[in-house]
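Hi,

Here is the structure I promised to pass on.

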Amino acid sequence: MNRSPSQWQAALFPEVSTIHADLLAERTTTLRDLGARSARDAERLGYVCIRPERPRRQPALFVSIQDVPAFEAAAEAVADHRKERRRLEAERIERRRAEIARLLDPYPWLTEEERASLAKRIEATDARSITRESLERLLVPRRLVRALDGIAGVRLGVPDILVTGDVRFTAFGQDVAQHGVDLAKIEIDDELRPLLLMTDLASFRAEVTQRASAARSAAASALRQTIYARVAEASALIEETAALVDPESAAGIRRSLTESAVERFAKPGARALGRVLPALREMARDAIWSCRREMFRASRASHTGSWVPAGERKAPMLAYVTGVEYSVLGADFSAVLNRRIEMPRDLREAILGEPVDVAAGIADVLVAEAIDDERADIERTLDRVTHQIGRGDGVAGFDRAAVVTLLRNEFASKSFDAESLLTRVRSLVERLVKQAKETEAVQTLLTEANFARYADFFTTARSMERRLELIVGPTNSGKTYQALNALAEGASGIYLAPLRLLALEGQEELEKRGCATSFLTGEERDLREGATFWSSTIEMMDPNRVVDAAVIDEVQLLSDLDRGWAWSAAVVGAPARRIVMTGSPDCVPLVEDLARYLGEPLTVRHVERFNPLAVLESASDLDHVEPGTAVVCFSRRDVLGLKQHLEQRNRVSVIYGNLSPPVRREEARRFRTGETRVLVATDAIALGLNLPIRTVVFYSTWKFNGREEVRLTPSEIRQIGGRAGRYGKHDAGFVGALTHADLVAVRAAFEHPPDPLPIRAQVRPGLQHVLTMSEVLDSRNLGRLLDLFRRRIRFDAAQLVASVPDEMMELAALADATGMPLEDRFVFACAPVDTRNAFIMRSYQLWMAAFAEGRRSRLDRLPSKYERTTGESDPEAFYHSEVQVKLLTVYAWLAYRYPERFPELEECDRQRAILNRYIERTLRKRGRLRRCKQCGAAMPAMSNYALCDGCYRGRRRY
């Protein structure tokens, strides 16, 4: 017959695939085997498609038209098989229904609904498992519910009948009813079962009623006997409790316990009845404990050496108070011991069950033993205290009175503790011994080693007749120019500058005046043959190189907490016949005081600013910065952010502390020559850099000092703002700020006369100081020596203050851990290391360890990216380049002092040059405009966020 593919599918599948699998396997094929692309192509080839039951798991099959008769025969066989299977299933169901009807016939009282429900339930189980007993297990609960309805005092408790009822009795003179929930149980035995299932319910109900009455009577009698026994026990417990307390409390306790007993006896259930006596016993113990505790407290609290029970009954303590007297170190002490000890079991039972005098006697013995143990412990402790004090008696200056005072305070304490006393005495003695030894050592240093006379450590300077000159004036007044002229008048001299850049400028200026000059810093050398003049950073002053004159620039830094020691050493110890100092007017009192201390003549000369300096009337606008402006801020992040913002309209140079001196010099050159028109800088420009600045604008008058945000001092504002109006470049200078509040602070700093600097000059120990202290103290621990110097050393001049920077203390601790000689430890502690940078500190520790082990320290290879990229798109690389320059500077500093152990000075200079060129290239690039991370909109350069305001407000909330 002619059929469509869909008809073949309905006729042949899935029966053929399940019954005639062999036929499918032999005479079917797939599209792939046919070489066809679709079912339509297969039909053109004479094949018919058979769709699978699960298309995702089985492929579609195709059969040839020639094999259709075979598949039709298979389909007819399947249809016949289905018919036969349905007929057999119908016969089986009919037989099962007949069996169920026979099972239910003996129970005519079943309703049609019940009969149908049971039949359906039986049909769901295996017919062979249905027996008379299993059927009755289904019928009994249904029949019982109907049979027990209305019978008082019984309830269903499958598979039994429970008998309930009230049992009345008299307890403590009151009538009480105890409701028995399950007084008795009636089992459905062989006599009751036929009455329940085979007959009407009247005879069954009568039999159950009769049995329930008999069971109730027997159970009530037994329960009543149990209750009376419990009542008797409870009564005896109440009377025993009342007998153990005072007469005034007995009546109240008896009444309280009786009421609780009656209330508990009335609660239904065997469990409640079983809890009567335990609960009553707990109440009785609590009552006895409370009364006994008050009795003991009232009778003993007023006596010395008394004791009272304390705490709760479940965690009882015995608190006692007694006085003790001892004689220690020739002084009498008395203390009050206030202790709590755990009660032993015998005392606890005595308080709850014995007369008061028996319990008190046991407690007296316990307290006496505790006091004896306490006294023995105190005596042992005092022996140890005496031994500890004996350790200090042999040390001169040991403060024995401080120990006696401590003992008196400890004995007078309300919570005297012998072990605590010993710990505190040991700590105090150790501290007093250390102080006494330190005091003795300091006295030796100040007298025998002449430490008090700081000036005498500079023997060369003291052997000369020096003449001091001080040139003071505001910025841009030519102080340094005049000082260099005076320096060039001699045959030899040294210029001591606060910065490397100023030292370079000093070398250039001296050579312009015809003086061959060498350049010297901690990490760089430019030694000219035959040179008799030196230009160096102030820390590099040689106290033994005699010259005709010395110039000390920015002498007001004498009072600087971090670097002031270098100016103190220069003023006191520079070996020159003529000392020319330059500084701000506020340093005059301090320098005059130092001159009086040294006994050397001082001439003070005041100079005036070449051109006027004015404070702007209104706050400046960052978007309208004029050429020749220097914007001053106080962090690297602000400097780079301002550069990015300002470069939208101007070419910008930057100067900040992290930049290496060569890069700073290059950035200053670009601004000086007009290659850039705006300068963004930190206070690094404050110390004498000669830049053609017309206007100084403060981005903020607050800066972070390493611990907190502080406002700039008026002196700092004047020093920075005075850079404006470079003489010869501008007729006047101007100072401003970005906010009105900062502008008010700037105006106040310039309008009011400067306050004089505090009369305080910082003094840091030199190597000779450290070696002398080490010999006197017999200690090679550099950290301890430096700490003693800054804590205990006092000089013969009040204006000289011992000071050791925290960074030096940190490096000294690391050096002490290596075990290298003391002289080398001191050198490593003086290195110019940025201790706040973890990368630099790790490398420096490795170098110290290698030095201590006698190994050479070599430099790692520099990544090639610093030679071939600008770094503009890699802020991390730019930051790392700055850190790497700092680290290389430290290596160079060490290489000049230990060339054998740090042999790669040339490689160090090469890497520094590469990194400096990389930083210069990066800084010359215009900053990319900051954009929102989400929408790409332009954002302020100084923004601290990754999203613009619109995206932040509209962001999804989760």
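Below is what turned up when I went through it.

One thing to keep in mind from the start: this is a predicted model.

Let's begin with the nonpolar cores. The largest one has 138 residues, and Ile-552, Val-555 and Tyr-844 are the ones with the most contacts inside it. Helix α33, which covers residues 875–897, gives this core its largest share, 12 residues. There is also a second, separate core of 76 residues, with Leu-197, Val-231, Leu-237 and Val-245 among them.

Setting aside neighbours within four places in sequence, Val-555 is in contact with Leu-470, Trp-567, Val-571, Met-581, Thr-582, Gly-583, Cys-587 and Val-591.

Now the cysteines. The disulfide count comes to 0. Buried means under 20% relative accessible area, so Cys-291 counts as buried at 13%, and so does Cys-515 at 6%.

Next, helix α27, residues 767–777. Its buried residues are His-769, Val-770, Thr-772, Met-773, Ser-774 and Leu-777.

Last, a loop residue. Where does Asn-658 lie? You'll find Asn-658 in the loop between β20 (652–655) and α24 (661–672). Not counting residues up to four places away in sequence, Asn-658 touches Arg-636, Glu-882 and Lys-886. Arg-636 is 22 residues from Asn-658 along the chain, and their C-alpha atoms are separated by 7.6 Å.

Cheers

Technical notes. Residues are numbered from 1 along each chain as its sequence is written. This is a predicted model: local features need pLDDT of at least 70, side-chain atom pairs count only at pLDDT 80 or more; totals for chains, interfaces and linings use all residues. Side-chain values use heavy atoms; hydrogens and water are left out. A disulfide is a pair of cysteine sulfur atoms within 2.5 Å. Buried means under 20% relative accessible area, exposed over 50%, partly exposed in between (1.4 Å probe, protein chains only). Helices (H or I, at least four residues) and strands (E, at least two) are DSSP runs, numbered from the N terminus. Contact means heavy atoms within 4.5 Å. A nonpolar core is a set of buried Ala, Val, Leu, Ile, Met, Phe, Trp, Tyr and Cys residues joined through side-chain atoms within 4.5 Å.
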